[in-house]
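Please find below a colleague's note on the structure, arranged as numbered points. The note opens with a question on strand pairing.

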Amino acid sequence: MLKLDMINAMLQAVGENPVTDAESQNPSAIAARSTLNRISSIVQEKPWKFNTEVALTLLPNVQGEIVLPENTLYFIPDNDYTYIVERGKKLYDTALHTFIFTESVIGTLRLIFPPQDCPEPIGQYISAYATWSHYMNDDGDGVID
């Protein structure tokens with residue numbers, strides 16, 4: 001499902017005119033896009049197969065840092081690495097008080113994708129949930145026009 005279609009469904013639910021660009025600066029489109037992003041994050045916090053990498057080995061870069069992908073929701077180190085946490089978009093060793101690693105770290109990585117890049121059923125769910133949420137925030141009477 002395309003992002004533009006999702007935004008226009010949200011706009012239609014509150015009686016607004018559709019837009020021709022998903023990145024439109026129309027105030028209603030901006031509000032719809034904000035709701036869509038919030039709902040997408042909520043839905044993708046769950047451990048779906050498409051957005052979860054289990055037993056993933058992360059390697060230090062040439063500076064010795066382990067930088068997480070830009071679309072990381074969170075990283076949970078395996079039990080052998082309980083002293084490692086996320087700080088910003090990098091891993092941090094709380095026992096050694098450093099961002100520098102000499103070895104890889106294994107754990108579970110949860111990623112977030114744009115709603116239009118999710119599997120179709122997830123995208124449809126995000127769209128429906130976002131449309132309902134946007135409608136309730138705008139009108140809130142429980143009856144979609």
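Which residue in β5 stands opposite T52?

1. The residue opposite T52 is R110, located in β5. It should be kept in mind throughout that the model is predicted.

2. The two strands concerned are antiparallel partners: β1 pairs with β5, which comprises residues 105-111, over 5 bridges.

3. This pairing belongs to an open sheet of 3 strands, ordered β1-β5-β2, in which the pairing is antiparallel.

4. A55 illustrates the relation between sequence and space. This residue lies in strand β1. A separation of 53 residues in sequence divides A55 from T108, yet their C-alpha atoms are 5.7 Å apart in space. With residues up to four places away in sequence left out of the count, A55 touches I106, G107 and T108.

5. Turning to the helices, α1 spans residues 3-13, and its buried residues are K3, M6, I7, N8, M10, L11 and A13.

6. A backbone detail deserves a remark: G15, which follows α1, has a positive phi, near 80°.

Key:
Residues are numbered from 1 along each chain as its sequence is written. This is a predicted model: local features need pLDDT of at least 70, side-chain atom pairs count only at pLDDT 80 or more; totals for chains, interfaces and linings use all residues. Side-chain values use heavy atoms; hydrogens and water are left out. Two strands pair if DSSP finds at least two bridges between them. Helices (H or I, at least four residues) and strands (E, at least two) are DSSP runs, numbered from the N terminus. Buried means under 20% relative accessible area, exposed over 50%, partly exposed in between (1.4 Å probe, protein chains only). Contact means heavy atoms within 4.5 Å.
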